Protein chains: 2
Amino acid sequence: MPKEKESKLSFNLKTPKGTKDWSGSDALLRDRIFTTIADVFKRHGGTALDTPVFELREILAGKYGEDSKLIYDLQDQGGEICSLRYDLTVPFARWLAMNPDVRSMKRYHIAKVYRRDQPAVSKGRMREFYQCDFDIAGTFDPMVPDAEILRIVTEVFEELGWNGRYNIKINHRKILDGVFQVCGVPEDKIRPISSAVDKLDKMPWADVRKEMVEEKGLDAAVADKIETYVVQKGGRDLLDILLKDEGLTANASAKAGLDDMGLLMDYLEAFGVLDKISFDMSLARGLDYYTGVIYEVVTEGSAPAVSSSAPEAQAVQKSGKKSKSKGGNLEDDDRSNDPTLGVGSVAAGGRYDNLVGMFLPKAQIPCVGVSFGVDRIFSITKARIEREKSAEALRSSEVDAYVMAFGGKGFTGMLKERMSVCQSLWNAGVKAEFSYKVKPKLPQQFKAAEQAGVPFAVILGEDELAAGKVRVKEMGLEDGHPEKEGVLVDLTALPAEVKARVAKKRGESVSDVTQQLGDLKVDA
Amino acid sequence: MPKEKESKLSFNLKTPKGTKDWSGSDALLRDRIFTTIADVFKRHGGTALDTPVFELREILAGKYGEDSKLIYDLQDQGGEICSLRYDLTVPFARWLAMNPDVRSMKRYHIAKVYRRDQPAVSKGRMREFYQCDFDIAGTFDPMVPDAEILRIVTEVFEELGWNGRYNIKINHRKILDGVFQVCGVPEDKIRPISSAVDKLDKMPWADVRKEMVEEKGLDAAVADKIETYVVQKGGRDLLDILLKDEGLTANASAKAGLDDMGLLMDYLEAFGVLDKISFDMSLARGLDYYTGVIYEVVTEGSAPAVSSSAPEAQAVQKSGKKSKSKGGNLEDDDRSNDPTLGVGSVAAGGRYDNLVGMFLPKAQIPCVGVSFGVDRIFSITKARIEREKSAEALRSSEVDAYVMAFGGKGFTGMLKERMSVCQSLWNAGVKAEFSYKVKPKLPQQFKAAEQAGVPFAVILGEDELAAGKVRVKEMGLEDGHPEKEGVLVDLTALPAEVKARVAKKRGESVSDVTQQLGDLKVDA
């Protein structure tokens, strides 16, 4: 846009700070990710819940601790005082409290939330961003819904084509609390010490220990005892080791947590996903409201750079192998703006049995859930597609056929004929476009089809059409290909022919964004 | 909820005034409507655009006339001054102005908009509601994209199963302006007189005439001359009559409008939808920004009650037949809170060639578009489903199979076996659930399946499972049905068997909400 035009505008032509427009191939890919995730949720009996974008301010009050300062308030224009929602969990708890007949529910919600945080758009930290939540509310036998949530997590990432390239870390608040008690952490220091442990994914132990001892006044011997536990990770083997730790199992909280973990592992095995989970004693999670199992999903490329000393040692310590270099267009986003997501994670959650009680003191409803960081999942998936496929693969529309015409001297443009052919394709459900010019030139039409990445041209010629025929040409065929000039098809058979060719091409090719998630799944 | 619990809450447990939660079968049906509409948009090459829920306040300023008082402002918490979006059209124009490389675009946007209007929840007039817009931006040959928009409108309502039970009224601003000039309306009265004409869908001519003459000071003879035009409706026949009106065709504006209308009818014929359109000279549309063709879709049950005198005469005059009684749960919602929708209409739009220029004075981008009133479409569709199907048809989830177990004395509950069977179903893409109890009773499991409207039970018995078999039972079969007790199936063949039975049942039945829109289409 030339400078002189800009200068005549009396206002800023932009979106508000920390917000963005989604358009073109990004919008299409993002919608594919939403659909993929929602399909998994529905497969598990999830029902959609959609709440208003703003809530009464008193509903949000007292739920987010010091982050409450990040809540967007609506101006008082008379009437009720409202604020934009900060997450999807509090509105869900509010809904459960308002609908006391519903004592159990599997709900999902994919929507934007709002935080007046300092944005870092290049790092993907926004003031308006999407959350994508699945929660199971209700009183059930222990660990059964918890196991299904973790099964859902694996299905989502498999459907997204990540093909095992992610790690689900799990731990249990009761085990952690038991460990802290057994090690001798005073009761009033348990939450601060837990917060310190939670930093082990971005700090080496030495720094965490320093925080515990110097900042939080923990006895050094206690800190050293904590280390012996929180560096441990594994699977059933680790559980067996802990169950043999008589000091630990004598603690009621730890014992309850370990029993839960044993049940959970049994159930994860029945669900066929135990091998995708790692029991990680250092996982503590930031939010206070978790009461049971907690989990966090990290992937290749989603772990942040470690900015403190001895990063190599830390990486080895934390993951058992060197940390992978960051992939794609993810920068060192060392702080998620989503407290339900840990550093560098793409999904996280846990059991929170006391939240609904904040709205309905006498009718507690236990809940367990997971939140997917879709903006980060989008960035990683897009980077992966760009790395593995050609850039043209990312189209902004899904059109299958471009209907065009050509002719010699006295060419009329055949507009109504093109419209009529489009009609027959639309009637058959084929996505089709044509030029809005009365007399378009053939090269213009081919260029438009190419630019939109449309795979097939349907070409009308006057003589051929008079004989009831049209030409179907696959775009981008190499010289010498037997069908380079297209094939003549009966007009009546055109919709079926185009549908068959589109289906065949999808089966063969990876160049269609509508297939990209599925394709990645197949060839990853 | 007992009173004593409520009284202990220190806050109102509700959503803000004029907003609501969407849950259960309503949320599912609404999502099906969105998907149906979006699929049509994509079939025509539409690309998704998603803009922030709030805009800089100066972007919205001066776009909505006196309705600007209905805009929700965000509180000034430091930084930029923002407001919630009032519609999706201004954000689209802002986006086009911000992206000067994009000179043409077919964009769709389904999202909530916000208006601090006096809500009437029972009448469906909300402060937060959905809009569903498709617009074509760009400079093209006359009436080609306009015709495609109208084709899209017909496809949407056909896909929604309305099966011709709607009427698309069209008119042209240039024809109307020409009529007013020819009749002798002074230039400064043309917009007010046009607004009066627009009320003909809720007032008889006598009242509109009174407004023109008494309130707006129009000469009575001029008003009477206007009447001879604006009561006319028809198709090509009406166009032919007007083209023979030499007084009218001598007016440059009217002539240009009539030429457009002729082209449009030719194109609508090529698209196979001319018979669905009626040329209605009384259609004027409220918004000032339309510059060409305008349209509005009404349906059985969407027309409001006529509250003034002589309703019968008016109804006959307006539609050529007696107005239908209002259907379903639509009340006499005599005012849409959406100025892009006329009274009682379910979709509306037109050409607006000058709006983008408000953001980019030197780079005008002509646009034509349509907005679907999805909340009203939802109400009508839901009422139709409830009228035509049983109430149970409206399910809140889409689960296909409930996996249950039973046993005699010493029954373990077979939890892991149920989990494992669910796993095999999920792996095959079957939507499946099971009880979260370790030892559920069989009647409890059947009740849960029944309540959720799940069509198939998969029943595990200890002896049968030992022989590698499970029982598949269709729910709700009558006594005496040969498969009343279910059929035994090899465990390995279970996923394929359930998929086949689900597909078969969908083909036969109308009891699944996932099929309801399609079903209505088939049997309407």
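Colleague: What is the bridge partner of A:Ile168 in S8(A)?

Modeller: In this predicted model, A:Ile168 is bridged to A:Ile277 in S8(A).

Colleague: What makes strand S6 and strand S8 of chain A a pair?

Modeller: Pairing takes at least two bridges between two strands. Strand S6 (residues 166-172) and strand S8 (residues 277-280) of chain A have 3 bridges. Therefore they count as paired. They run parallel.

Colleague: Which sheet holds them, and in what order do the strands lie?

Modeller: An open sheet of 10 strands, in the order S7(A)-S8(A)-S6(A)-S9(A)-S10(A)-S11(A)-S5(A)-S4(A)-S1(A)-S1(B). The pairing is mixed.

Colleague: What makes strand S7 of chain A and strand S1 of chain B edge strands?

Modeller: Each of them pairs on one side only.

Colleague: How do H2 and H14 of chain A pack?

Modeller: Helix H2 (residues 24-43) and helix H14 (residues 374-388) pack at an angle of about 115 degrees. Their axes are 10 Å apart. The crossing is right-handed. Among the residues that meet are A:Leu29, A:Ile33 and A:Phe34 in H2(A), with A:Ile377, A:Phe378 and A:Ile385 in H14(A). The contact residues divide into 8 nonpolar, 1 polar and 3 charged.

Colleague: Why is one side of S13 and of S16 in chain A left without a neighbour?

Modeller: Because strand S13 (432-434) and strand S16 (487-490) stand at the edges of their sheet, each with a single partner strand. That sheet is open, with 5 strands in the order S13-S12-S14-S15-S16. The twist averages 35 degrees from one strand to the next.

Colleague: How do you know that S12 and S14 of chain A pair?

Modeller: The cut-off is at least two bridges. Strand S12 (residues 401-406) and strand S14 (residues 456-461) have 6. Therefore they pair, in the parallel sense. A:Ala401 stands opposite A:Phe456. Helix H15 (residues 415-427) lies across S12, S13 and S14 of chain A.

Colleague: What separates the centres of domain 1 and domain 2 of chain A?

Modeller: 49 Å, taken over C-alpha atoms. Domain 1 is 24-304 + 339-388, and domain 2 is 401-519.

Colleague: Why is the relation of chain B to chain A called that of a two-fold axis?

Modeller: A rotation of 180 degrees superposes chain B on chain A, with 0.0 Å of shift along its axis. The RMSD is 0.0 Å. So the relation is that of a two-fold axis. The same surface serves both copies, as 100% of the contact residues of chain B recur in chain A.

Definitions and conventions: Residues numbered from 1 in each chain as written. Chains lettered and ligands numbered in written order. Predicted model: local features only at pLDDT ≥ 70, side-chain atom pairs only at ≥ 80, totals over all residues. Heavy atoms only, no water. Least-squares fit on C-alpha atoms with pLDDT ≥ 70 in both. Contact = heavy atoms within 4.5 Å. Axes fitted to C-alpha atoms, helices over the stretch in contact; angles between N-to-C directions. Helix = DSSP H or I, 4+ residues; strand = E, 2+ residues; numbered from the N terminus. Left-handed = near helix turned anticlockwise from the far one by under 90°. Nonpolar A, V, L, I, M, F, W, Y, C, P; charged D, E, K, R; others polar. Domains from an automatic or database assignment.
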